[in-house]
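Look over the sequence and the structure first.

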Amino acid sequence: MMMGGAAWGASAPVFKPQSIELPADAATFPEGPNLKVVTQNCLACHSADMVLDQPLLPRATWAAEVTKMRNVYKAPISDADAALIVDYLAATHSPP
Ligand code: HEC
């Protein structure tokens, strides 16, 4: 009598892909003033990590950073929004 040859199926391990929800590498900014403006203007080209991984920086440095995003990388951010964004960064990511 022929055995074997048809063993697969019953005991073969079945690969079950797991679906888990991860934010696309910490793509969101923490709560703070003008959060919406920051979210709208600072996530087009890179994740929030690019900002959050920086050390705590003084306000003037953040202002220069936002200016750099606009001038060097051509981020389409208005003067008014840039000021709001600097307020957010100074409030949430500056030394005390
Ligand atoms: C038009 C695209 C664009 C937008 C919009 C943008 N950035 Fe950037 N940003 C870049 C690029 C390009 C880099 C450099 C990436 C690299 O070095 O890999 C960068 C890098 C950075 C860095 C890392 C330090 C540095 O100077 O390289 C910080 C901090 C940063 N961005 C903050 C911001 C903030 C805050 C905003 C919102 C005001 C913003 N970015 C919006 C393109 C953009």
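Predicted model: local features only at pLDDT ≥ 70, side-chain atom pairs only at ≥ 80, totals over all residues.

Residues are numbered from 1 along each chain as its sequence is written. The protein has four helices and zero strands. Helices (H or I, at least four residues) and strands (E, at least two) are DSSP runs, numbered from the N terminus.

**Overall fold**

- From the N terminus on, the elements run α-α-α-α.
- Buried residues make up 15% of the 96 residues in the protein. A residue is buried if 20 or more other C-beta atoms lie within 10 Å of its own, exposed if 12 or fewer, and partly exposed in between, with C-beta atoms placed from the backbone.
- Of the contacts with a separation of 6 or more, 63% join residues 24 or more positions apart. Two residues are in contact if their C-beta atoms, placed from the backbone, lie within 7 Å.

**Ligand shell**

- There are 17 residues around the ligand, and Cys42, Cys45, Met69, Tyr73 and Ala75 come nearest. A residue is near a molecule or strand if its C-beta atom, placed from the backbone, lies within 6 Å of it.
- Helix H2 (49–52) and helix H3 (59–71) each supply at least two residues of this shell.
- H3 gives the largest share, four residues.
- By type, the shell has eleven nonpolar, three polar and three charged residues. Ala, Val, Leu, Ile, Met, Phe, Trp, Tyr, Cys and Pro count as nonpolar, Asp, Glu, Lys and Arg as charged, and the others, Gly among them, as polar.

**Nonpolar core**

- The largest nonpolar core has 13 residues, of which Val38, Val66, Ile85, Val86, Tyr88 and Leu89 touch the most other members.
- H3 and helix H4 (79–92) each supply at least two residues of this core. H4 provides the largest share, five residues.
- Such a core is a set of buried Ala, Val, Leu, Ile, Met, Phe, Trp, Tyr and Cys residues joined through C-beta atoms within 7 Å.
- In soluble globular proteins, nonpolar side chains tend to be buried together.
- Leaving aside neighbours within four places in sequence, Val86 is in contact with Arg59, Trp62, Ala63 and Val66.

**Helix H3**

- At 1.5 Å a residue, the 13 residues of H3 should span 18 Å, and the end C-alpha atoms are 18 Å apart, which agrees. The expected span is 1.5 Å times one less than the number of residues.
- Trp62, Val66 and Met69 are buried in H3. Seen down the helix axis, the buried residues of H3 fall within an arc of 55°, so they line one face. The arc is that of the directions from the helix axis to the C-beta atoms.
- An α-helix has 3.6 residues a turn, so residues three or four places apart point the same way.
- The face of H3 turned away from its buried side carries the exposed residues Ala60, Lys68 and Asn71.
- H4 is included in what covers the buried residues of H3.

**Helix H4**

- The 14 residues of H4 should span 20 Å at 1.5 Å a residue, and its end C-alpha atoms agree at 20 Å apart.
- Leu84, Ile85, Val86, Tyr88 and Leu89 are buried in H4.
- Their cover includes helix H1 (35–41) and H3.

- Ser94 lies in the segment after H4. Ser94 counts as partly exposed because it has 15 C-beta neighbours inside 10 Å.
- Ser94 and Leu56 are 38 residues apart in sequence, and 4.4 Å apart in space, C-alpha to C-alpha.
- Leaving aside neighbours within four places in sequence, Ser94 is in contact with Leu56, Leu57, Pro58 and Arg59.
- Gln54 sits in the loop between H2 and H3. Gln54 has 13 C-beta neighbours inside 10 Å, so it counts as partly exposed.

**Positive phi**

- Asn34 is not a glycine, although it has a positive phi of about 65°. Asn34 is in the segment before H1. It is partly exposed, with 19 other C-beta atoms within 10 Å.
- Lys74 also has a positive phi, about 60°, and is not a glycine. Lys74 is in the loop between H3 and H4. With 9 C-beta neighbours inside 10 Å, Lys74 counts as exposed.
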